[in-house]
Amino acid sequence: RPGAQEWVPPEGDVDALRQAAPGCRGCELWADATQVVFSSGPPGARMLMVGEQPGDREDRTGEPFVGPAGRVLDEAVEAAGIDPANVYTTNAVKHFRFVERGKRRLHKKPAVPHIAACRPWLLAELAAVHPDVVVCLGATAARAVIGHDVRIGDVRGQVLEGDDAGDAAGRVLVTTHPSAVVRLRGKPEWDEAFGSFVEDLRAAL
Ligand code: URA
Ligand code: SF4
C-alpha cells in the first residue's frame with residue numbers, strides 16, 4: 001500500500017483536492033467502491049468535522065453523511081446551535097469499505113493501514129481549510145486527526161490543544177460517532193446519548 005501522498009496536489013485548495021481525489025490509488029479500497037466521497041461544506045468553514053468513512057448511501061451519492069448517521073448529525077448540529085453553513089464535513093477514509101451479504105453491502109471498519117494511507121488527504125484538507133476547531137466523530141477520526149489512538153471515554157467533550165491534539169490541527173474535540181447514537185433511537189438510552197453528543201458539539205462551538 002503506497003498511501004495517498006503521491007495523488008495529493010501539494011498546497012492544493014479544497015477544489016484542487018476534490019478534483020484529484022477520484023484518481024487516488026493509495027490503498028485498495030477504491031477498487032470495490034462506487035466513487036470517492038470527498039467532503040461537503042464551505043472551504044472557509046471555522047469548524048471541521050471528521051467522520052470514519054462513507055457508508056452505503058454516501059458511496060452511491062458521493063456526498064458524506066447523507067444516510068442515517070448524517071441525519072442524527074444534522075439534528076445534533078442544529079440542537080447545539082451550530083450554523084451548518086460554518087461546518088466543513090469530511091471522513092478519515094474516503095472510500096467505502098464493505099463486505100457483501102447477498103444483495104446487501106455491510107459496513108466494515110477501515111483498518112489502521114487504510115487510515116494511514118488516506119491520512120494525506122485529511123492533512124491536506126486541514127491545511128486548506130485551517131478551521132478554528134476540528135471535531136472528531138469517533139475513534140477512527142480521532143486516530144486520523146491526532147495521529148495515535150485515544151480512548152473516547154477519557155477525552156470526549158474536552159478541547160485538546162498542543163501535544164494532546166497532535167500537530168496537524170490546532171484545537172481538537174473528540175466525541176462519539178453518530179452511528180453509535182442512531183442505534184438507540186426509540187430506546188430509553190436515546191435521550192442521554194443524544195444529549196451528550198449535543199453537549200460535546202456545543203463545547204466545540
Ligand atoms: N459515517 C461516516 O463516518 N461518514 C459518513 O460520511 C457517513 C457515515
Ligand atoms: Fe485513496 Fe483513501 Fe480511497 Fe484509499 S481510501 S484509495 S487512500 S482516497
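**Strand β8 and its partners**

Tutor: This is a predicted model. Start with a pairing: strand β6, residues 133-137, is joined to β8 by five bridges. The two strands run parallel. Look for one of the contacts: L137 has T175 in β8 as its bridge partner.

Now turn to β8. This strand covers residues 171-175. Is β8 mostly covered or mostly open? It is mostly covered, with four of its five residues buried. Here, a residue is called buried if 20 or more other C-beta atoms lie within 10 Å of its own.

β8 has another pairing to find. Strand β7, residues 159-160, is joined to β8 by two bridges. This time the strands run antiparallel. Find V159, then look across to L173 in β8, which stands opposite. So β8 pairs in parallel with β6, and antiparallel with β7, since at least two bridges are needed for two strands to pair.

Next, a pair of helices. Helix α3 spans residues 68-79, and helix α8 spans residues 190-204. Their axes come within 9 Å. They cross at roughly 60 degrees, so α3 and α8 are oblique to each other. The crossing is right-handed.

Finish at ligand 2. How many residues surround this ligand? There are 16, and the closest are C24, G26, C27, H95 and C118. By type, the shell divides into eleven nonpolar residues, three polar and two charged.

Key:
Residues are numbered from 1 along each chain as its sequence is written. Chains are lettered from A and ligands numbered from 1 in the order in which they are written. This is a predicted model: local features need pLDDT of at least 70, side-chain atom pairs count only at pLDDT 80 or more; totals for chains, interfaces and linings use all residues. A residue is near a molecule or strand if its C-beta atom, placed from the backbone, lies within 6 Å of it. Ala, Val, Leu, Ile, Met, Phe, Trp, Tyr, Cys and Pro count as nonpolar, Asp, Glu, Lys and Arg as charged, and the others, Gly among them, as polar. A residue is buried if 20 or more other C-beta atoms lie within 10 Å of its own, exposed if 12 or fewer, and partly exposed in between; C-beta atoms are placed from the backbone. Axes are lines fitted to C-alpha atoms, for helices over the stretch in contact, and angles run from 0 to 180 degrees between N-to-C directions. Angles under 35 degrees count as roughly parallel, over 145 as roughly antiparallel, 65 to 115 as roughly perpendicular and the rest as oblique. A crossing is left-handed if the near helix is turned anticlockwise from the far one by less than a right angle, and right-handed if clockwise.
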